[in-house]
Amino acid sequence: MNVKTRALTALSTGLLLFGLVACGGSDSGDSAAKGGSGSEAAEGGDPVEKPLTGEAKQKAEAAALAAFPGTVVKSEEDAENPGTYAVEIKKKDGSEIEVYLDPKTYKVLKTKNEEGDEDGS
């Protein structure tokens, strides 16, 4: 690829990601009007977790999959453990595991299986 093609590809990808992020807000209205910000509890009492995007999403998912091969179900900033990323993986045996990562180093801090037992790895 030449420099112009790369620049156009990067620009169009950036615009697409910006549009997806801008349109991907809450489908239930303004969270501030309900007394909650991005990391506070939603109507049902569960914390609202912001999905990972861009380079953070790619790196977090790659690190989690390297430790636990399978398929990514979702990746997000974890509201229950502020300052960590959480990647949920469906392993090849069908079980699911949530992998908590340091957002600076992408190292696994701990895990939680589907039943909610913390492995601490």
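This is a predicted model: local features need pLDDT of at least 70, side-chain atom pairs count only at pLDDT 80 or more; totals for chains, interfaces and linings use all residues.

Colleague: What makes Tyr85 and Tyr106 an aromatic pair, and why is the pair called tilted?

Modeller: There's one aromatic pair in the structure. The ring centres of Tyr85 and Tyr106 are 6.1 Å apart, and the cut-off for pairing is 6.5 Å, so they pair. Their planes meet at 45°; under 30 degrees would be stacked and over 60 edge-to-face, so tilted is what's left.

Colleague: Which parts does the pair tie together?

Modeller: Tyr85 belongs to strand 2 (residues 85–91), while Tyr106 sits in the loop between strand 3 (96–101) and strand 4 (108–113), so the pair links parts 21 residues apart in sequence.

Colleague: How do you know whether Tyr85 and Tyr106 are buried or exposed?

Modeller: Buried means under 20% relative accessible area. Tyr85 has 13% and Tyr106 has 17%, so both count as buried. Of the chain's 121 residues, 22% get that label.

Colleague: And what makes you say Lys110 lies over the face of Tyr100?

Modeller: Lys110 is 5.4 Å from the ring centre of Tyr100, and the distance limit is 6 Å. The charge must also be within 35 degrees of the ring normal, and Lys110 does count as lying over the face.

Note on methods
Residues are numbered from 1 along each chain as its sequence is written. Side-chain values use heavy atoms; hydrogens and water are left out. Rings of Phe, Tyr and Trp (its six-membered ring) pair if their centres lie within 6.5 Å; planes under 30 degrees apart count as stacked, over 60 as edge-to-face and the rest as tilted. Helices (H or I, at least four residues) and strands (E, at least two) are DSSP runs, numbered from the N terminus. Buried means under 20% relative accessible area, exposed over 50%, partly exposed in between (1.4 Å probe, protein chains only).
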